[in-house]
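Good morning, everyone. Today I would like to present one interface and one of the chains that form it.

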Amino acid sequence: MNLIFEKSTPGRRGFRVPPSDVPSRAEIPQALRRTRDAELPEVSELEVVRHFTQLSQRNFSIDTHMYPLGSCTMKYNPRFLEDVAALEGFSRLHPLLPQLRGGGILTQGALQVLYEVAQWLCEITGMAQFSMQPLAGAHGELTGAMLIAAYHRFHGNRKTTVIIPDSAHGTNPASAAIAGYQVVAAPSNERGVLDPAHVKDLVNDQTAALMLTCPNTLGLFNRDIRTLADMVHAVGGLMYYDGANLNAIAGWARPGDLGFDVVQLNLHKTFATPHGGGGPGAGPVGVAEPLVPFLPTSVVVKRADGTYALEYDRKDSIGYVAPFYGNFGVILKAYAYMLALGREGLKRMAETAVLNANYLLARLRPHYKVPFDRRCMHEFVLSAAPQAKKGVKALDIAKGLIDRGIHPPTMYFPGIVPEALMIEPTETESKETLDAFVDAMIEIARLADEDPDALHRAPTTTPVGRLDEVAAARRLDVCFPLPDDAAQA
Amino acid sequence: MHIPDDRLYTMEHEWLKQEGDGPARIGLSAYAAEQLSGVTFIELPKKGQTVKRGQKIANVESVKAVSDVYAPAGGAIVEVNGALEADPSLLDEQHYDAGWICRIDLADAAELDELMDAKAYREYLNTLAG
Amino acid sequence: MDFIPHTDAQRREMLEAIGAASAEDLFADIPPAMRAGELNLPAGHSEIWVRNHLEHLAAKNATHLTPFVGGGFYDHYVPSAVTAILRRGELYTAYTPYQAEASQGTLQAIYEYQTAICRLTGMEVANASLYDGGTALYEAAMMATRLTGRNKIVLDSGVNPIYRNMLHGYTRNLNVAFREVPTACGPTPRDQVEPFLDEETAAIVLQNPNFFGFIDDLADVVDMAHRVGALAVMSCYPISLGLVKTPGEMGVDIATGEGQSLGLPLSFGGPYLGFMATRKKFIRQMPGRLAGVTHDKEGRRGFVLTLQTREQHIRRQGATSNICTNEALCALAALVYLSLVGKEGLKEVAQLCADKAAYAAQRLDRIDGVSVHRAAPFFNEFVCDLPVYAGEIVSGLIEKGYAGGFPLAQYYPGMEKRLLVAVTEKRTREEIGAFAEALEGLL
């Protein structure tokens, strides 16, 4: 399919800019002007709409396909969330209004949303206060690591290391490192979780924090979590909860009760806001009482008279991590989703996510290797190592699923499982869809025995077959070249 | 897998080839090339740099992995293979000749005793296969 | 209300297949002592109730005010086709395009977006997006420290003060030193900049138009930085690039900016769009995702995420950034916007903004006691001196139905009587005239 730039016809217009209705003309001096126009496409509105509609048809998405991508929580994104976020009373609201004099009063509706979402999240996680500022999960991790640093600095401790399990998502060590910490990798045990016996040797007075997902990326809940927390707290360290997998336990267990001090949540996972093909997300961070003074500026507070205000005067705050109050449009959708679900809906959400994952695990167990074979939470990891011995790798299984109309699970992650396939069905898939997925996986397992080449050829139903990633990295083409000057003349 | 007899090997899959009295040539074994399956980029060592045995001298990238290359023996790096920057695929297909990485003027020839000969390296690879 | 499809019979069937007695049984791994009690949360509501509740809250926000406030975030028109495309479920309910063959739509759009940003900024390569203009500037500063091996950053105080605050916050635990060039309510003061630049400087961070709205040719400042081996980083306002000299033309090494003005609503501060573009030779130190062109076995062109070895999922703590989820849908909005307005339309939107701002400045200048700063040409935002405190005037204007500008003293102590006024293509001659009269009436 041609690029929008390749569809360009000089002189064609997609949007008519109205003529000026003011008598003034701004004469920008030649020296300050660009010398060559930005070579943007020259296309009609229909061409634009058709181009992007056709592009959309070259995607898998939740709306069109089952999407059991592990640790990504690809659940249904209810339509009404989009409508509430588009309400003009929110979408047209300028973020600087609260800073105009008398401004707090101009945005009471928006501040109430921010305040109430934070209250909900505190109750769900057992934290004392939340900042809605962080703009995505990894951004929340970084904010959390900065909060931990601020806390230790305040207490005069220059702690240097953060302990992170080997099964952790790559953002965890990257976030800790960017906040200035050295990363110490902790091994998972034969049950797939961190073992207090191993962690004991890693914890010392330099330990600023232990950073965990719970359940972890294998979908396993660590029963020793409180022992680990005690160990870390004993040396003055803090417990960090990566909430990427909160969908498993929301309403059933609270990170605060498990001993965690800092929590980041991914609203674009657990709270059903759409992922947008790679964002925008929202990664609010909650903290236990001792860390409250360090939360980013500003914080929304509720006054005695029932109005809401932004508090800027926070001397120990880590400052601004986002320009304003977070990805408000995303937070708004999560708020609407929470209101719809309510207390019992939230619990049922997690319960069904766990039910669906265990159902898939039970049905797939006879056909694939299960490296950590125990009851899982909202997701589980299979290993295609036995299939790989016959020449069918996790990658081939993934591509085979595409031809069967299913988005593949997360592949080759976590790295501690060879040929990993990480499956998270979420609560919104029906039993019929889950069964269709199982059937496809069984068929693929059979093909691995009988006709591996059929899988090596996959996918054959997509606009392109397997792409040469090595060539992409060697002959880097990340920007369509400009029509050359000669052609222009 | 082709493991030439004319050179020595490390457990990290580098080879070292002595060339008369001149500096030794360093590269990656067929096993390393297979593991990388498509080198996309190499960060070469600096000419003139002095390295110790086991010190990181280069960084090799494939699509989904980054691997370090270590000095099989200590010494001064007297030459680097600039051709790899333009064409990293030399490491895939010609890792024993045109795909060499650098030449080291060895500081202590005794360090070579720590390396494996081709036979020992083949046996070592067999232990990895399981 | 929930979004769960199972019937009770199906639940029972599934539990049986699992070998679990009850749903409760599924949570056996969580010891009873670690279970949450009944959460103190309200019961669920219907879609109708939630919609009503949110309409009620939306009505409590003062969006009726005619906006003359900018500060880096502007009330531009969003063509309907942008919104319509973003509502395609195939685009907005997809994940990051890890499975290339099943994500060609998103991947091609990212490649097109990268191309559009390069053409807009006059730079060679752009990434798939960062969170916002502020985090993009922080990432650029960190990238400059990696590229130069130096740790001092010189900040022009014409850079958005919100972004400067963010830069300070992010680096508090790191070995990075900031030096701020003293504030002048004008274009970048050359003589003040030079003494700050030395052999330890990783980068000078600039903004064009700057926070006061002034446009400038900063090529000479960029040269100053280059002479000491430092890089030049510039935050840009994309609409202005329809007309003004690009960072590429000024020799800038890393260009960033806030892409909100390209088809995104103000939405009380986000989601927005951070863009970043640089020189090809710096690409390996650039943070964020990148889509690149390649082919399948049949020779068909396709797109993949490339140079992923820079990223956290491969290099973990050694990555160029921790960013994972970015602002893909917002980048798509920017691409659709730029495709719709096109080469000529972008110039026209920019000219219209500048014309209307020129008119507003002229109207305000005519008011006794008000004078517009004209130390350099401005784009669509300008500073005016008032005879009274700007904050009080803004309060008065709110009463009259205007978000009448941003009082500079908020971030620049000593500028209590200065107001920053922004005008976009959406403001009409009548609105501008009435605004000027309203302001005059308050003096």
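How many salt bridges are counted between chain A and chain C? In this predicted model, the count is 16. One of these pairs joins Asp83(A) to Arg87(C), with the closest N and O atoms 2.9 Å apart. Polar contacts can be considered next: 102 residue pairs make them across the interface of chain A and chain C, with both partners at pLDDT 80 or more.

Which element of chain A supplies the largest share of the side that touches chain C? That element is helix 11, residues 328-364, with 25 residues. By residue class, this side of chain A holds 118 nonpolar, 49 polar and 44 charged residues.

Let us turn to the extent of the interface. In total, 211 residues of chain A are in contact with 195 residues of chain C. The size of an interface is often given as the accessible area lost when the parts come together. Here, the area buried between chain A and chain C is about 17500 Å², and carbon and sulfur atoms give 61% of that area. On the side of chain A, the residues that lose the most area to chain C are Arg34(A), Trp252(A) and Val478(A), which together account for 5% of what that side buries.

Finally, I shall describe chain C itself. Chain C contains 15 helices and 15 strands, and its C-alpha trace spans about 80 × 50 × 50 Å along the principal axes. Of its 443 residues, 70% count as buried. Chain C exposes about 13200 Å², of which carbon and sulfur atoms supply 48%. Thank you for your attention.

Key
Residues are numbered from 1 along each chain as its sequence is written. Chains are lettered from A and ligands numbered from 1 in the order in which they are written. This is a predicted model: local features need pLDDT of at least 70, side-chain atom pairs count only at pLDDT 80 or more; totals for chains, interfaces and linings use all residues. Side-chain values use heavy atoms; hydrogens and water are left out. Contact means heavy atoms within 4.5 Å. Buried area is the accessible area (1.4 Å probe) that two parts lose on being put together, summed over both. A salt bridge is a side-chain nitrogen of Lys or Arg within 4 Å of a carboxyl oxygen of Asp or Glu. A polar contact is a pair of N or O atoms within 3.5 Å; within protein, one must be able to donate a hydrogen and the other to accept it, and residues adjacent in sequence count only if both atoms are side-chain atoms. Helices (H or I, at least four residues) and strands (E, at least two) are DSSP runs, numbered from the N terminus. Ala, Val, Leu, Ile, Met, Phe, Trp, Tyr, Cys and Pro count as nonpolar, Asp, Glu, Lys and Arg as charged, and the others, Gly among them, as polar. Buried means under 20% relative accessible area, exposed over 50%, partly exposed in between (1.4 Å probe, protein chains only). Accessible areas come from the Shrake-Rupley method with a 1.4 Å probe; for residues, only the protein chains shown count as cover.
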